[in-house]
Amino acid sequence: MTYDQVFIIVSVVLIVGVLIAAVVYSDKRNKFDERQLMIRAKAYRLGFASLIIADLVIMYLDTLKGWKESVDSSFAIVAALAVSFLVFSLYCILNDAFFQRKDNPKEYLIFCVIVCVCEGYVVISHLIENGSLYEDGKLTMTPGGSLLLGGLFLIDVIAIIIKTLVNKARETEEEEEE
Amino acid sequence: MKNLKMKAARAAKDFSQEELADICNVSRQTISAIEKGDYNPTINLCIAICKALDKTLDELFWDEEQ
């Protein structure tokens, strides 16, 4: 079994598992409030705009000499999607609109850490096997995509931790004011 | 502009932001944003806050200076 096949199987299992868990364990009363919905609507727009810009950049890079030889097109597509998701998630996290009212951020953090560890394992094992992230002189999905996804979730984890600490400090400040 | 009337009414009721948020079915950050004047709530949320704090819309959200 190749790394690509392992990557696809693990991704599909994770996504389907999360979707099933989200439907089964979701609290029907747990919803985003009106301020969060407004923020998320703006985040969707920003994410979509980022995707268009990232696609345009990739289209431009495609015309450059040596780009097609050194970067796999499927990696480039995932990179554009990753940029869009990063913009959306960071905007929501920084404006307290990423989690619903009764959501437990710890569960999402654990999920992110598991993804980071899995993707890190794929990247490190590829590095040990081939000595670089490139495969036949090309940056492909297997180590490149894993590096992107791992990095993406790691940034989310850091942003959530920082935002939680900032919120706690503000809450204490507001309680002291009262 | 900060909504000090709402903050005072909440303090008078001895509610924390979290408790008021639970009653109104919104997040604590939304209550905090309204009190700080960073977010203008919809009329539905204004009514929910007024009911929770036993106040009228005028008492909490009408700015007499304007």
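In which loop is B:Asn25 found? Select chain B and look between helix H2 (17-24) and helix H3 (28-36) of chain B: B:Asn25 is found in the loop there. Keep in mind that this is a predicted model.

**Stop 1: B:Asn25**

Stay on this residue. The phi of B:Asn25 is near 65°, a positive value in a residue other than glycine.

**Stop 2**

Now zoom out to chain B. Colour by secondary structure. There are five helices and zero strands in chain B. Read along the sequence, the pattern is α-α-α-α-α.

The C-alpha atoms of chain B fill a box of roughly 30 × 20 × 20 Å along the principal axes. For 66 residues, a compact globule would have a radius of gyration near 11 Å; chain B has 11 Å, so the two agree. Buried residues make up 32% of the 66 residues in chain B. Take the contacts in chain B between residues at least 6 apart in sequence: 52% of these join residues at least 24 apart.

**Stop 2: where the chains touch**

Show both chains. How many residues of chain A are in contact with chain B? Eight residues of chain A are in contact with eleven residues of chain B. Helix H2 (residues 34-63) of chain A gives the largest share of chain A's side, three residues. Colour that side by residue class. On chain A, the side that touches chain B has no nonpolar residues, one polar and seven charged.

**Stop 3: the whole of chain A**

Chain A has six helices and two strands. Along the sequence they follow the pattern α-α-α-α-α-β-β-α. The C-alpha trace of chain A spans about 65 × 35 × 30 Å along its principal axes. Of the 178 residues of chain A, 21% count as buried. Among contacts in chain A with a separation of 6 or more, 83% are between residues 24 or more positions apart.

**Stop 4: H2 and H4 of chain A**

At what angle do H2(A) and H4(A) pack? The angle is about 155°, and the axes are 8 Å apart. H2(A) and H4(A) are therefore roughly antiparallel to each other, as angles over 145 degrees count as such. H2(A) passes H4(A) in a right-handed crossing.

Show the side chains. From H2(A), the residues in this contact include A:Ile39, A:Ala43, A:Leu46, A:Leu51 and A:Ile58. From H4(A), they include A:Ala80, A:Val83, A:Phe85, A:Phe88 and A:Tyr91. The residues of the contact of H2(A) with H4(A) divide into 16 nonpolar, three polar and two charged.

**Stop 5: A:Asp96**

Follow the chain onward from H4(A). A:Asp96 is found in the loop between H4 and helix H5 (105-130) of chain A. A:Asp96 has a positive phi of about 55° although it is not a glycine. Buried or exposed? A:Asp96 is buried, because 20 other C-beta atoms lie within 10 Å.

**Stop 6: H5 and H6 of chain A**

Now select H5(A) together with helix H6 (residues 141-177) of chain A. Their axes come within 8 Å and cross at roughly 150°. H5(A) and H6(A) are therefore roughly antiparallel to each other. Which hand does the crossing of H5(A) and H6(A) have? The crossing is left-handed.

Pick out some of the residues here. Among them on H5(A) are A:Leu109, A:Cys112, A:Val115, A:Cys116 and A:Val123. On H6(A), look for A:Leu147, A:Leu149, A:Phe153, A:Val157 and A:Ile160, among others. The contact of H5(A) with H6(A) divides into 15 nonpolar, six polar and two charged residues.

**Stop 7**

Finish on a single pair. Select A:Ala79, found in helix H4 of chain A. A:Ala79 counts as partly exposed, because it has 18 C-beta neighbours inside 10 Å.

Conventions:
Residues numbered from 1 in each chain as written. Chains lettered and ligands numbered in written order. Predicted model: local features only at pLDDT ≥ 70, side-chain atom pairs only at ≥ 80, totals over all residues. Contact = placed C-beta atoms within 7 Å. Helix = DSSP H or I, 4+ residues; strand = E, 2+ residues; numbered from the N terminus. Nonpolar A, V, L, I, M, F, W, Y, C, P; charged D, E, K, R; others polar. Rg over C-alpha atoms; globule rule 2.2 N^0.38 Å. Buried ≥ 20, exposed ≤ 12 C-beta atoms within 10 Å, placed from the backbone. Axes fitted to C-alpha atoms, helices over the stretch in contact; angles between N-to-C directions. Parallel < 35°, antiparallel > 145°, perpendicular 65-115°, else oblique. Left-handed = near helix turned anticlockwise from the far one by under 90°.
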